[in-house]
Amino acid sequence: MSQRDEPVETIDEASVCSQAKAADQPKTMKIIYVVYFITTLDITWMFLQFSVTPYLAKKLGFDTLWFGYLQTTAGLMQFLGGPMFGRFADLFGARAALSLACFASVVYFLLLAVANHPAILFAHKLPTIFMHVLPASQMVVTDLSEPEKRADVLSKLGLCFGIGMITGSTLGGHLSTHYGETFAAYFGAVGSAFSLLLVLKFIPKTTKVQAPRTNIDRAADAAENNSKSLFNVGEITRLMKFPGVMETFVVKVVAGLPSGIFQAMFSIIAMEFFKLQPEQNGYLMAYFGLLSMVVQGGVIGRLTARYSENSLLILSIGVSSFVGLAQAYMQNVFQLCLIVVPMIFSLSVFNVITDSVLTKSVPSSDTGTMLGLCASVQSLLRTVGPTVGGFLYVNYGISSIGFIQFVVNTLVFVFLLQRRLKKKTEHKA
């Protein structure tokens with residue numbers, strides 16, 4: 001075959017893939033909606049345990065520092081599991097990945113329900129190494145969506161996050177107050193089991209779009225099988241070599257660390273600084289969830305349609321720096337409720353945009369691994385956040401956390417702005 005014929009074959013294959021994708025659109029949307037529902041349930045159970053763990057830990061004699069160690073254990077487990085879980089999802093498919101995550105959640109809540117000793121409370125954090133429903137859901141909607149709609153579909157998962165936050169916080173506070181922490185934990189285990197049944201019933205084995213393969217492709221795949229190992233660190237870290245990935249990843253870690261410290265310490269801040277009871281804390285988290293729903297469901301999609309992702313990333317970091325300054329001078333719950341509005345906006349835009357940029361920067365076959373690495377960033381923040389936050393809170397007060405966020409995010413904002421101006425200058429020249 002001549003070289004002139006090859007583009008025709010490529011165009012024909014692309015046309016066939018496009019037609020097949022259009023024909024499968026109703027089925028695709030059904031899968032996406034089911035994933036949204038599963039994500040909402042998972043977030044509900046996650047925020048339900050937020051209304052259980054701090055108060056159970058207090059009953060078992062944990063102080064602020066030891067509670068920080070407990071949260072650090074969970075963060076470390078998810079940090080170690082995130083990249084491997086993403087790789088697992090790429091290799092074995094969406095159904096296997098989501099099933100593993102939901103089953104781990106069942107075990108997690110069962111251990112929490114029987115935790116009557118500090119050692120068991122620490123042990124219940126071990127299954128979190130596999131509890132990555134949100135990254136797996138992100139992989140599914142990423143695989144099934146067009147690149148130009150990537151930020152929008154990811155923000156809809158944020159809408160699910162908001163719904164789950166409201167439902168889980170309210171439900172967890174109510175169950176813990178009226179029926180006790182043990183009952184609430186068992187309720188979470190039953191809910192996670194229901195999520196597992198939904199996965200087995202509705203989620204396909206794989207959501208990766210497969211282009212037509214030639215004999216050469218198959219031979220190449222056979223030769224590469226040795227590198228397709230779940231624990232192949234090289235296969236995971238090679239994603240950092242794609243253009244723009246390392247820089248965006250570093251920004252995600254550095255700019256996200258200060259806000260991650262505040263989030264990791266919030267349950268302690270609510271309990272000790274604001275003196276909130278479980279039910280009151282649940283209502284406050286429900287308010288956070290409502291704001292998250294508005295921002296991720298109604299704001300981010302419109303912003304991404306009008307402005308570039310780079311502009312929105314710079315905006316989110318700039319807003320976050322002023323949120324940190326406001327947190328440093330915060331004195332009561334009313335002020336917190338005002339500060340939370342820009343805080344939710346900046347966090348939502350920052351996480352959605354960085355995830356969208358990173359998944360667009362790698363091949364579609366590696367989106368699960370990339371999202372696993374993104375999840376490991378959040379886990380890293382939860383790993384160092386409680387320990388660092390506990391130290392800062394005990395020794396320097398809550399204002400120190402806000403000042404650090406202000407300084408770090410201001411520096412990142414200036415760096416990104418200078419880089420953008422430099423690129424514009426080079427482009428004009």
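The dialogue that follows concerns a predicted model.

Trainee: How many helices and strands are there in the chain?

Mentor: The model is predicted. Of the 429 residues of the chain, 50% count as buried. Among contacts between residues at least 6 apart in sequence, 86% join residues at least 24 apart. As for secondary structure, the chain has zero strands and 17 helices.

Trainee: Which residues have the most contacts inside the largest nonpolar core?

Mentor: The largest nonpolar core has 98 residues, and its largest share, twelve residues, comes from α15. Apart from this core lies another of ten residues, among them L239, F249, M370 and L373. Inside the largest core, the residues with the most contacts are I203, F262 and L336.

Trainee: With which residues is F262 in contact, leaving aside its neighbours within four places in sequence?

Mentor: F262 is one of the residues with the most contacts inside the largest nonpolar core. Once neighbours within four places in sequence are set aside, its contacts are I269, Q327, M330, L336, M343, I398 and I401.

Trainee: Is K252 buried or exposed?

Mentor: K252 is found in helix α12. Beyond four places in sequence, K252 is in contact with F350, N351, T354, D355, L358, C374, V377 and Q378. The relative accessible area of K252 is 1%, under the 20% cut-off, so K252 is buried.

Trainee: How far apart in space are V245 and T359, C-alpha to C-alpha?

Mentor: V245 also has its place in helix α12, and because its relative accessible area is 0%, V245 counts as buried. Not counting residues up to four places away in sequence, V245 touches L239, M240, L358, S361, V362 and M370. Although V245 and T359 are 114 residues apart in sequence, their C-alpha atoms are 9.1 Å apart.

Trainee: What distance separates the C-alpha atoms of T207 and V140?

Mentor: T207 lies in the loop between α9 (181-202) and α10 (215-224), and with a relative accessible area of 5% T207 is buried. Leaving aside neighbours within four places in sequence, T207 is in contact with A94, M139, V140, D143 and L144. T207 and V140 are 67 residues apart along the chain, and the separation of their C-alpha atoms is 6.1 Å.

Trainee: How many charged residues are in the lining of the second largest cavity?

Mentor: About 60 Å³ of space lies in this cavity. Its lining divides into four nonpolar and six polar residues, and the number of charged residues is therefore, by the classes used, given as no charged.

Definitions and conventions. Residues numbered from 1 in each chain as written. Predicted model: local features only at pLDDT ≥ 70, side-chain atom pairs only at ≥ 80, totals over all residues. Heavy atoms only, no water. 1 Å grid on protein atoms, 1.4 Å probe; cavity = no way out; pocket = protein on both sides within 12 Å on 5 of 7 lines; lining within 4 Å. Points joined across faces, edges and corners; volume = space filled by probe spheres on them. Core = buried A, V, L, I, M, F, W, Y, C linked by side-chain atoms within 4.5 Å. Buried < 20%, exposed > 50% of the residue type's maximum accessible area, 1.4 Å probe, protein only. Helix = DSSP H or I, 4+ residues; strand = E, 2+ residues; numbered from the N terminus. Contact = heavy atoms within 4.5 Å.
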